[in-house]
Amino acid sequence: MEVYTLANGIQIPKIGFGTWQIPDGELAVQSVSYALEAGYRHIDTAQIYGNEASVGRALADSNLDRQEIFVTTKVWNDKIGVEDTRQSILESMDKLGVDYLDLVLIHWPNPAASRDSLPWQERNALVWKGLEVLYQEGKIKAIGVSNFMVHHLEALLETAEVMPQVNQVMLAPGTPQKELVAYCQDKGILLEAYSPFGTGTLFENEEAAQLAREAGLTLAQLALAWSLDKGFLPLPKSTSPENIQANLAIEGLTINPQAIEVLDQLQGVKGQLDPDQADF
Ligand SMILES: NC(=O)c1ccc[n+]([C@@H]2O[C@H](COP(=O)([O-])OP(=O)(O)OC[C@H]3O[C@@H](n4cnc5c(N)ncnc54)[C@H](OP(=O)(O)O)[C@@H]3O)[C@@H](O)[C@H]2O)c1
């Protein structure tokens, strides 16, 4: 699998397997196992997904060497200090059955529960410190953020000792987030594209279907080509063996600049939730 190289030199497979909304248990084990068999070497989970233990079982069952697989998790919103962050990551490692993590992200920048009691700038600085400690101990190979808009990144950079290497945000046809993308790319922060199919809403979009037909691609291929063309790292999720396999067949996919423009403007596909208004 092709890779991107993060600002700190760590290599990250160019496409990752998303696991949000795959319930813990047999389905999660089966889906991740199938993804690994199909050739994915990058798994994206999170503490809040509740499926880290199942991801861990699939990793163990695969018999692949630990270094062959890139594993990401995300620190949930209820972590607000250095020590609880650190502890929660050690627990994630335990559930995942690994002794290091490839990438850990702050999941959201402005949790609703602490919004009125602790300024998000302070909370993020503390959680970031928790990530930095484990990064410096070598327990995490790369650290980053998720759902951070430019103002959240600017605030974080005021106190960060280690630059975030990744920002994982909603990037899909209709949600190109151009200002945020330009800011991150200028700072050498890799953009991971979550919900590359708009959590499936893309598949109901007639305009996108028409473009796909014209390009001789499936809708999934069209969206992944859009993402890769922009230098993003897409994280498609699926529990269907056929779709898991299909989403990996990305080599040589190209779309023309006009189609990219049209996809940038696409209406009707689920977009980025405002992290300062989210009710969780
Ligand atoms: N950081 C964050 O806050 C955040 C937020 C959202 C998502 N994410 C990450 O991004 C990942 C992906 O996003 P997502 O889960 O919102 O969904 P998504 O990948 O945009 O879309 C998944 C949907 O598309 C369908 N699908 C997948 N491949 C297909 C194909 N080739 N043809 C037809 N249908 C296909 C899936 O159905 P089947 O399962 O039936 O194939 C499912 O209904 C997540 O799992 C998670 O890892 C992160």
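Two strands are taken to pair if DSSP finds at least two bridges between them. Helices (H or I, at least four residues) and strands (E, at least two) are DSSP runs, numbered from the N terminus. With those terms in place, I turn to the structure.

What you see is a predicted model, in which local features need pLDDT of at least 70 and side-chain atom pairs count only at pLDDT 80 or more, while totals for chains, interfaces and linings use all residues. Residues are numbered from 1 along each chain as its sequence is written, and side-chain values use heavy atoms, with hydrogens and water left out.

I begin with the sheet. Strand S4 (residues 42–44) and strand S5 (residues 70–75) run parallel and are joined by 3 bridges. His 42 has Phe 70 of S5 as its bridge partner. These strands belong to an open sheet of 8 strands, ordered S3-S4-S5-S6-S7-S8-S9-S10, with parallel pairing. At its edges lie strand S3 (17–18) and strand S10 (233–234), each of which pairs on one side only. In total, the protein has 10 helices and 10 strands.

UniProt, in an unreviewed entry, lists residues 14–266 as "domain: NADP-dependent oxidoreductase"; such annotations may be inferred rather than shown by experiment, feature names are shortened, and positions are in the numbering used here. Over this range the chain is 44% helix and 14% strand, and the end C-alpha atoms are 24 Å apart.

Next, the interior. Buried residues (under 20% relative accessible area, with a 1.4 Å probe and protein chains only) make up 55% of the 280 residues. A nonpolar core is a set of buried Ala, Val, Leu, Ile, Met, Phe, Trp, Tyr and Cys residues joined through side-chain atoms within 4.5 Å. The largest such core has 71 residues, of which Ile 89, Leu 131 and Ile 255 touch the most other members. Helix H8 (residues 219–229) gives the most to this core, with 7 residues. A second, separate core of 16 residues includes Tyr 4, Trp 108, Met 170 and Leu 233.

Contact means heavy atoms within 4.5 Å. Leaving aside residues up to four places away in sequence, Leu 131 touches residues including Val 75, Ile 89, Val 104 and Ile 143. Among contacts between residues at least 6 apart in sequence, 73% join residues at least 24 apart.

Finally, the overall dimensions. The C-alpha atoms fill a box of roughly 55 × 40 × 35 Å, taken along the principal axes.

Notes: Buried < 20%, exposed > 50% of the residue type's maximum accessible area, 1.4 Å probe, protein only.
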